Amino acid sequence: MNPIKIKFGTDGWRAIIAQEYTVDNVMRVAEGTALWLKQQGGSRVVIGYDCRFGGELFTEATARVLGKHGITSLLAPAFISTPMVSLGVVKTEADLGIVITASHNPPSYNGFKLKSRLGGPSIPDDVTAVENLIPDAVPTDLPEMDELRQQGLIEEHDFEQIYLDHVYANFDMDLIRNADFGIAYDAMYGAGQSAMIKLLPEARHLHCEYNPSFMGQAPEPIGRNLTQLSDVIKKDPKLQLGIANDGDADRIGLFDENGDFVDSHHILLLLLMYQYEYKGIKEGEVILTFSVTDKLKQLAEKYGLEYEVTKIGFKYIAEIMAERNVIVGGEESGGLAVSGHIPERDGIWIGLMIAEYMAKTGKSLNDLIKDVYDKVGSFNCDRDDVHVENDRKWEIVKQAEENPFKKIGPYTVTDVKHVDGTKFYLDGEDRWLMVRPSGTEPVLRVYAQGADAAETRKILDAGRAEMGI
């Protein structure tokens, strides 16, 4: 049987456990990683795994392959978040990080992410180089873990504690813990659970148990997946902030005091306002992916800050953060990063930053959002993931690029931009519809921004009607 061709996607290699994600295929990826690292002169790798099925097994398989090449593996005693691996690489001066995780994918998946020595995603060129070195054959004659320990090629580090120490050095945790608002935290059965119980012991903790099945729910921190967290906040007036993380805790979902979901577009604006107006960070750039609201560009312009729009995928933001001073960078799907931390999205870090912002100002999350609206105007964003046959999906994408719509429903298209997908501006800059294909699934992503939820829905429906989906 021919071996499968292993391809890294937007954020690592992901596949269904026991189907394509097997010990043999993980060993093949580890072999390609080891060959590439040796070419770079590297010899030390941090490996972490989240709460998914088989994490420890796949971590050991990876460590054994690396060990055969004389590469030392730095391992945690239990599951850790992706940002803990990235920070661990920086703090131990390792050459690479590997995370065994499928992030927010359904529980049947696992994956393999690569992290650079700078503490963020490996740059696309390095990932491609690793991909090209993955052999067809499964590595053999691998040393056992005990043997590697005897040779000093396995080191144990408490990467969670390293991360907690970093948090305590950068946040006023006493202020957050003693604030006059309660916090509810939903780990979604993911790798943030242990750290957040320690950081916020008085918070209301949901789904903070080890459960690799995730109760059948993909651990993606979006509104429709977090109805229990929303309900808990609605029923308890003391709870004024809800924080949720995905499976490997690098993404965030947020809820206000009414139990309403606050999307990443709004969080990015809040982070920029907090960094600039309250923390006094007035130098640097703002980096956003193509699907993020243009209101972020508007706020950056008000502050006199440069901004750049990238393709979709946090790796593009991380590449810029590794080279330049970035105050805030983020993507629509919940991956956000700020200056003063590693160039990595970190759901726990961002959640604590919003909590600290509320505690320092004495304002509710809704009040802080109103402050944002005072500067850039109110808005609403949403997204539909529409299942369509692949051929039809690419037809629509091609039409959007080559023969874009002149009207969408009652709206006139006043501008069209192509970066990673196509964005149609409607009657000015405050309303838009965007179309982008999934690279791996028969799914078309349709994004929209309107003045409020009703108008955003109207734009989405009009766009889908125009496309016949």
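Predicted model: local features only at pLDDT ≥ 70, side-chain atom pairs only at ≥ 80, totals over all residues.
Figure 1. Asp 125 and Asn 132 are exposed on one side of α4. The buried residues of this helix, which spans residues 124-132, are Pro 124, Val 127, Val 130 and Glu 131. These four residues lie on the same side of α4, because the arc that they cover around the axis is only 120°. Residues three or four places apart in an α-helix point the same way, since there are 3.6 residues a turn. Among the elements that cover the buried residues of α4 are α1 (23-39), β5 and α12 (314-321).

Figure 2. The buried residues are Thr 82, Pro 83, Met 84, Val 85, Ser 86, Leu 87, Gly 88 and Val 89. Their cover includes the strands β2 (44-49), β4 (96-100) and β5 (109-115), together with the helices α6 (159-170) and α8 (193-199). Just after α3, Glu 93 adopts a positive phi of about 55°.

**Figure 3. Packing of helices α1 and α2.** The axes of α1 and α2 (residues 55-68) come within 9 Å and cross at roughly 40°. The two helices are therefore oblique to each other, and α1 passes α2 in a right-handed crossing. On the α1 side, the contact is made by Val 23, Val 26, Met 27, Ala 30, Glu 31 and Ala 34; on the α2 side, by Leu 57, Phe 58, Ala 61, Thr 62, Arg 64, Val 65 and Leu 66. The residues of this contact comprise 10 nonpolar, 1 polar and 2 charged.

**Figure 4. Packing of helices α6 and α13.** The axes of α6 and α13 are 12 Å apart, and the helices pack at an angle of about 25°. This pair is therefore roughly parallel. The crossing in which α6 passes α13 is right-handed. Tyr 163, His 166, Val 167 and Asn 170 of α6 meet Ile 348, Trp 349, Leu 352 and Glu 356 of α13. By class, the contact of α6 with α13 contains 5 nonpolar, 2 polar and 1 charged.

**Figure 5. Packing of helices α10 and α13.** Helix α10 (residues 264-278) and helix α13 (residues 347-361) cross at roughly 55°, and their axes come within 11 Å. The two helices are therefore oblique to each other, with a left-handed crossing. The contributors from α10 are Ile 267, Leu 270, Leu 271, Met 273, Tyr 274, Gln 275 and Tyr 278, and those from α13 are Ile 350, Met 353, Ile 354, Glu 356, Tyr 357, Lys 360 and Thr 361. This set of residues divides into 10 nonpolar, 2 polar and 2 charged. Glu 356 of α13 takes part in this contact and also in that with α6.

Figure 6. Lys 234 is located in α9, which covers residues 227-235. When residues up to four places away in sequence are not counted, Lys 234 touches Asn 258 and Gly 259. Between Lys 234 and Gly 409, the C-alpha to C-alpha distance is 36 Å, and the separation in sequence is 175 residues.

Definitions and conventions
Residues numbered from 1 in each chain as written. Heavy atoms only, no water. Axes fitted to C-alpha atoms, helices over the stretch in contact; angles between N-to-C directions. Parallel < 35°, antiparallel > 145°, perpendicular 65-115°, else oblique. Left-handed = near helix turned anticlockwise from the far one by under 90°. Contact = heavy atoms within 4.5 Å. Nonpolar A, V, L, I, M, F, W, Y, C, P; charged D, E, K, R; others polar. Buried < 20%, exposed > 50% of the residue type's maximum accessible area, 1.4 Å probe, protein only. Arc of directions from axis to C-beta.
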